[in-house]
Protein chains: 2
Amino acid sequence: MQRSATRGSSQRPITVALDAMGGDNAPANIVRGALSAARDTDVDIILVGRGREIRSHLPAAQRNLRIHEASEAIAMDAPPTAVRRMRDSSIMVGLELLKDGEADAFLSFGNTGAVMAGALFTLGRVPGVGRPALGALFRNGRGTTSLLLDVGANVEARPQHLAQFATMGRAYVERVLRHRNPSVGLLNVGEEEGKGTSLHQETYLLLERQETNFVGNIEGNEMVAGAADVIVSDGFTGNVAVKLTEGLVEQLFGELKRSIQASVIHMAGAWLMRGAFRGLRAHWDYAKVGSAPLFGIDGAVLVGHGRANTEAVASGIRSARSVVEAGVVDAIRDAVAGTAPVNDEDPD
Amino acid sequence: MQRSATRGSSQRPITVALDAMGGDNAPANIVRGALSAARDTDVDIILVGRGREIRSHLPAAQRNLRIHEASEAIAMDAPPTAVRRMRDSSIMVGLELLKDGEADAFLSFGNTGAVMAGALFTLGRVPGVGRPALGALFRNGRGTTSLLLDVGANVEARPQHLAQFATMGRAYVERVLRHRNPSVGLLNVGEEEGKGTSLHQETYLLLERQETNFVGNIEGNEMVAGAADVIVSDGFTGNVAVKLTEGLVEQLFGELKRSIQASVIHMAGAWLMRGAFRGLRAHWDYAKVGSAPLFGIDGAVLVGHGRANTEAVASGIRSARSVVEAGVVDAIRDAVAGTAPVNDEDPD
């Protein structure tokens with residue numbers, strides 16, 4: 001399949017189909033992010049959406065940036081099934097571009113559930129994958145990046161699905177983040193074997209057998225500290241963890257800001273510390289994280305945070321480029337082919 | 001039952017049996033915290049543990065502070081079943097003091113699982129309670145305190161158990177935090193009805209029927225923002241949420257500290273901002289939170305964080321006093337008696 005083949009350096013630039021209509025400030029911030037990435041990165045970008053709206057945010061023609069018309073936009077809170085009746089939505093049209101080989105990756109900052117449903121419908125799963133998973137990347141206390149998955153694609157899954165998340169996550173971390181022999185941990189309520197629900201107990205046994213660098217159960221605080229490169233979670237807990245992190249960071253910085261503004265002395269101090277704050281804020285700003293692939297979809301489909309600002313959109317495009325360049329989908333295909341296929345007996 | 005009767009102001013001071021051997025820095029920090037609370041608060045404290053070790057941290061006799069000998073100490077990482085063979089442990093002896101009416105509350109900063117197991121064995125459940133739960137109090141974005149439960153007493157529970165957590169949590173919030181008609185939310189992966197696992201879907205329906213001020217599902221970020229006074233969670237997710245919060249706060253302040261120390265300018269700024277930092281740190285320091293009751297145990301049993309410092313131990317003693325004074329156990333008994341009893345068909 002051309003769309004996911006590992007690419008050599010002699011080929012044309014990598015082409016990213018970008019959902020121009022998805023996200024809280026679309027299309028303005030999406031177009032601005034695309035312009036930024038198009039200027040700085042060797043990448044061709046197809047802005048998918050309503051041409052008239054997109055053009056109103058484009059100051060001038062850009063060699064490696066073009067528009068592909070899609071008349072509909074799926075709202076952030078629409079049910080995933082919206083993709084069935086909105087075939088001319090930016091999500092479905094963008095996924096078709098990927099399927100037809102006109103793009104190497106599809107990236108959206110829009111409705112994640114709709115992107116997942118549309119991707120399953122349009123591209124399907126990598127052979128042998130039981131359930132696709134959603135990943136979240138975060139900087140850990142060791143100063144490296146960890147990958148948590150699943151963070152919400154599946155609220156209920158079987159141990160075999162969770163064990164496969166490890167296989168897929170490892171392929172990403174090896175290829176894109178270039179960690180050798182990445183460590184794998186299971187998010188749980190205690191370190192000892194036998195902790196957690198029966199799902200977690202059984203997943204532990206599968207991971208122990210399957211992973212050469214399995215570090216065992218890790219608790220919420222250890223995850224943040226960087227106890228593992230790949231952290232496997234049920235999608236329910238993973239989703240709560242990611243949203244909780246966002247909320248905490250937002251609240252903490254909000255409080256800091258309020259207490260700075262409440263006193264001239266504090267304001268003077270904050271001015272002296274502005275370099276420190278900038279670094280901290282950048283490190284913790286989830287809106288700047290970029291994008292993460294849908295693991296197990298047979299094509300490079302990536303989603304970013306709905307609140308992404310210009311910088312995050314540009315960073316998300318660079319992530320999409322890396323995923324294609326590193327051949328992540330092929331790596332997942334190879335990794336999954338080397339293990340027993342997992343059925344999806346109980347699809348959501 | 002004398003131990004949990006609502007108390008009038010004319011009676012003797014409230015007596016708290018304190019596990020002197022539990023926690024990361026026991027008995028030193030426990031004794032120091034007890035001294036601080038004994039000086040400032042109208043409370044009698046019984047330090048339960050090895051007299052010789054406790055005395056080495058006691059500078060002088062204190063009128064409202066005494067020692068009750070217990071020869072054993074249950075380690076922080078011992079299995080809960082340790083209480084069965086360690087009947088002369090500070091946990092079991094302290095719980096017996098409560099059962100016998102010599103103390104009005106028992107408080108430990110030690111092994112939570114062992115305290116729960118010992119409390120179930122010694123005091124049992126409030127009649128009609130299916131599963132006791134563990135609560136965590138946190139300051140939310142509205143500047144008030146919310147209660148999350150369960151945070152780890154039950155890794156697997158049924159919808160009826162979770163609905164009962166709401167009843168018990170509400171009694172605490174009404175009596176101790178004095179919120180009128182507190183709002184109740186369900187920690188879930190989306191706001192819409194029907195989100196989450198079957199456990200969460202069924203719990204939603206029960207809470208909708210049972211709670212007059214049910215605000216529905218709340219996501220991780222909304223929990224932090226203060227979307228509800230009482231947040232019901234399965235114990236697995238609640239435990240991960242609490243530990244993740246601790247880890248994040250620790251890492252964020254650690255990074256801030258490092259970036260301050262890396263530059264003299266930043267250090268000067270931080271000095272001007274010290275008031276703001278102190279407030280923020282105090283607000284977010286989980287080690288200073290105090291203690292929370294074991295909900296559903298037929299007696300005032302409270303646990304605090306193992307890393308509690310002197311201040312947190314003193315604050316935990318004051319929390320224990322409030323729980324007795326407010327008659328929380330009676331309130332829970334009354335609230336549960338007004339609803340259908342929940343069986344515990346599948347005890348852990």
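This is a predicted model: local features need pLDDT of at least 70, side-chain atom pairs count only at pLDDT 80 or more; totals for chains, interfaces and linings use all residues.
Me: Before we start, what counts as buried here?
Reply: Buried means under 20% relative accessible area, exposed means over 50%, and partly exposed lies in between (1.4 Å probe, protein chains only). By that cut-off, 59% of the 348 residues of chain A are buried.

Me: How many helices and strands in chain A?
Reply: Chain A has 13 helices and 11 strands. These are DSSP runs (helices H or I, at least four residues; strands E, at least two), numbered from the N terminus.

Me: And how compact is chain A?
Reply: Its radius of gyration is 20 Å, close to the 20 Å from the globule rule for 348 residues, so chain A is as compact as a globular protein of that length. The radius is taken over C-alpha atoms, and the rule is 2.2 Å times the number of residues to the power 0.38. Along the principal axes, the C-alpha box is roughly 60 × 60 × 40 Å.

Me: Switching to the interface. How many residues of chain A touch chain B?
Reply: 51 residues of chain A are in contact with 51 of chain B. Contact means heavy atoms within 4.5 Å.

Me: How much area do the two chains bury?
Reply: About 4400 Å², with 74% of it on carbon and sulfur atoms. That is accessible area (1.4 Å probe) lost on putting the two parts together, summed over both. In chain A, A:Phe236, A:Leu244 and A:Leu252 lose the most area to chain B, together 15% of what that side buries.

Me: How many salt bridges between the chains?
Reply: Two. The rule wants a side-chain nitrogen of Lys or Arg within 4 Å of a carboxyl oxygen of Asp or Glu. One salt bridge joins B:Glu219 and A:Lys243, at 2.1 Å, N to O.

Me: Which elements of chain A supply that side?
Reply: α7 (198-210), α8 (220-225), α9 (235-261), α10 (264-272) and α11 (274-284) each supply at least two residues. α9(A) gives the most, with 18 residues.

Me: Last one. Where is A:Glu325?
Reply: A:Glu325 is in helix α12 (residues 310-325) of chain A. At 41% relative accessibility, A:Glu325 is partly exposed.

How values were computed: Residues are numbered from 1 along each chain as its sequence is written. Chains are lettered from A and ligands numbered from 1 in the order in which they are written. Side-chain values use heavy atoms; hydrogens and water are left out.
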